[in-house]
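Here are my notes, written as numbered points. Have the model open while you read.

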Amino acid sequence: VTGTRPAARHRAPHRARHRHPAPPGGRSGPDARAVPAIPAGAPLWRLAPAEARLERHRDELDRDVRAERRLARRELGCLVLVAVFLLVRARYLL
Amino acid sequence: VSAALEWALTGLVLLGAVPLVAACGQFLIIGLHPYRSHHDRVGPYLPRVAILVPAWNEAAVLEASIDRLAALDYPADSLRVYVVDDASTDRTPEVVRAKARQYPGRVVHLRRERGGEGKAHTLNHGLAVILGDRWMQALLIMDADVVYERDALRRMTRHLADPEVGAVTAYIKEGSVPGNYLTRFIAFEYATAQAAQRRSQNVLGVMACLAGGAQLHSRANVEALGGRIDTSSLAEDTFTTFNTQLRGARVVFEGNAVAWAEEPDSVGGLWKQRLRWARGNVQVTSRFRHLWFRPSRTHGLGGVTFGVFWFSLFLQPVFMIASSVGLVVLFFTAHDSAYSVFRSLWLLSLMTYLFVTAFTLAIDPAVARRAWPEALLFPGAVSLLIMAAVAAPGPAGTVLSAGYRALGLEWTESGRAPLILFAYCWMSACMLVAYLGRVIEGGRLRPLAPLFIYLGGYGPLLCAVTFTSYLKELRGAEMTWDKTEKTGKVAAPR
């Protein structure tokens, strides 16, 4: 399962789901094996069902994309800092 | 002096602005990274990864590195560590054999009986074994001292879900504990050169260098490179990076995948390491001379923007010396023009310094907390004073004239001349002062070495290394692989 590229792996997600038991902390009851809950902080690779792994991957990716957008906003802040410095220099330091 | 000569000299001085403008450009385009970061083409891909670790006398660091690799948040049956012991004379073989027993089937000990030929030869020894069967789907090349954060490898492999990607690199941070002033300078430098500048290279779609301690390749890429690493230069990682892109594959930097490394804590050690890197860059620049400024459809290495960024760093010492020479000649031939162009240059320098320093610290707040004094003093204390004087000429004049009077000197045009000449020369003299830090570190005045680095600047020290690399390559000096000594001081978060 882990050795194939995603496109190939997603062709049969239901098979992967039935091969692996629900992770510790997953739901109890008859649907436990079908839709396992995602334990917080659990390693991605242990969440064998393809859907769960994909969901975890997306969460992680969302965090990284948000972090990149945060950097872009910080860049604007730094440019404002330089502009303020130039204004102060023009007004008081020349 | 003729107007033409005056313009020519002004142009010479303004060459000093090239690295500044290029740095501003590089940092400005980082704002586009959220849209050009390759995160839109990743997938949950966990290939079987062979980790290749070249090791020559690395007993002090290998144990911790292998333990951390075994604890990576990655399927255990999809990871194998191949340590290539390059005829080590310390306890390296025993350490690796013990780890192979501890992690059966996951740690492999390979031994070269004739070693000392350099990292590329060592890597090729391991590659021949790894490529011998079909198990490996991706190859991670790392250094023995590098410690990966638990999720780093997974964050890297997800980019290989895109078959257009040939290789991925991570953000290597300086992690020595306890560090000293030099390792803090390096921590800030890595935030600038990796966390910031490699993001800008992602935006351009062309990467200058895969970090030697964190390069993940797809099997297809390794095979396309001929299954071996170039052994003809001191910059095997840059050669690999260029060759990967030349065949049309993409190279990606993943700034959220973090690895920690131990870096030199002495100027001498840093000098040896950086001289090897800088000579490697000279060799790359020369070997790929047919590429520069010749745009191509298959790769971005010939792009004009990338060329400007590459040469602004590669030729920085030349620009600095040219600028100083131009200023000094102008001082004697066209005094007013000299001051005008000097002021413009240093004002631009100040703007660049403010923007680059503030943004780098904002990109990596942990480095900001640990190394903010070194970040502020990166260009050197004297350069900061010149920038301050240029930014506030009124207050600076008052302070300087008071200082002159206190020394019994006259604040006249002729009295000021030596001070002005000193400031005009400083753009290249700073390299000499930083270099003196290296010289005195080897003698009885060793405790004064940090003072020279803080005064002259860490940036100018690296420029001095680059300048020395030109001379070494021109002289055809022997290529020796001066390995950086590692002592196992890295403390990385778990």
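How many salt bridges are there between chain B and chain A? The count is 4, a salt bridge being a side-chain nitrogen of Lys or Arg within 4 Å of a carboxyl oxygen of Asp or Glu.

1. Some housekeeping. This is a predicted model, in which local features need pLDDT of at least 70 and side-chain atom pairs count only at pLDDT 80 or more, while totals for chains, interfaces and linings use all residues. Residues are numbered from 1 along each chain as its sequence is written, chains are lettered from A and ligands numbered from 1 in the order in which they are written, and side-chain values use heavy atoms, with hydrogens and water left out.

2. The interface. On the chain B side 46 residues are in contact with 33 of chain A (contact: heavy atoms within 4.5 Å). The two chains bury about 3400 Å² between them, 62% of it on carbon and sulfur atoms; that area is the accessible area (1.4 Å probe) lost on putting the two parts together, summed over both.

3. One salt bridge to look at joins the side chains of B:Arg155 and A:Asp64, 2.9 Å from N to O. The elements giving two or more residues to the side of chain B that touches chain A include helix H2 (18–28), helix H7 (152–157) and helix H14 (335–363) (helices are DSSP runs of H or I, at least four residues, and strands are runs of E, at least two, numbered from the N terminus). H14(B) supplies the largest share, 9 residues.

4. B:Thr169. This residue is found in strand E6 of chain B and is buried, with a relative accessible area of 0% (buried is under 20%, exposed over 50%, partly exposed in between, with a 1.4 Å probe and protein chains only). Its side chain reaches the backbone oxygen of B:Ala214 at 2.8 Å. Leaving out residues up to four places away in sequence, B:Thr169 touches, among others, B:Met156, B:Leu210 and B:Phe253.

5. A cis peptide bond joins B:Val177 and B:Pro178, with omega about -5°; B:Pro178 is in the loop between strand E6 (165–174) and helix H8 (181–204) of chain B. B:His38 is not a glycine, yet has a positive phi of about 75°. B:His38 is in the loop between helix H3 (33–36) and strand E1 (49–55) of chain B, and is buried at 1% relative accessible area. B:Asn57 also has a positive phi, near 50°, and is found in the loop between E1 and helix H4 (59–70) of chain B.

Note on methods
A polar contact is a pair of N or O atoms within 3.5 Å; within protein, one must be able to donate a hydrogen and the other to accept it, and residues adjacent in sequence count only if both atoms are side-chain atoms.
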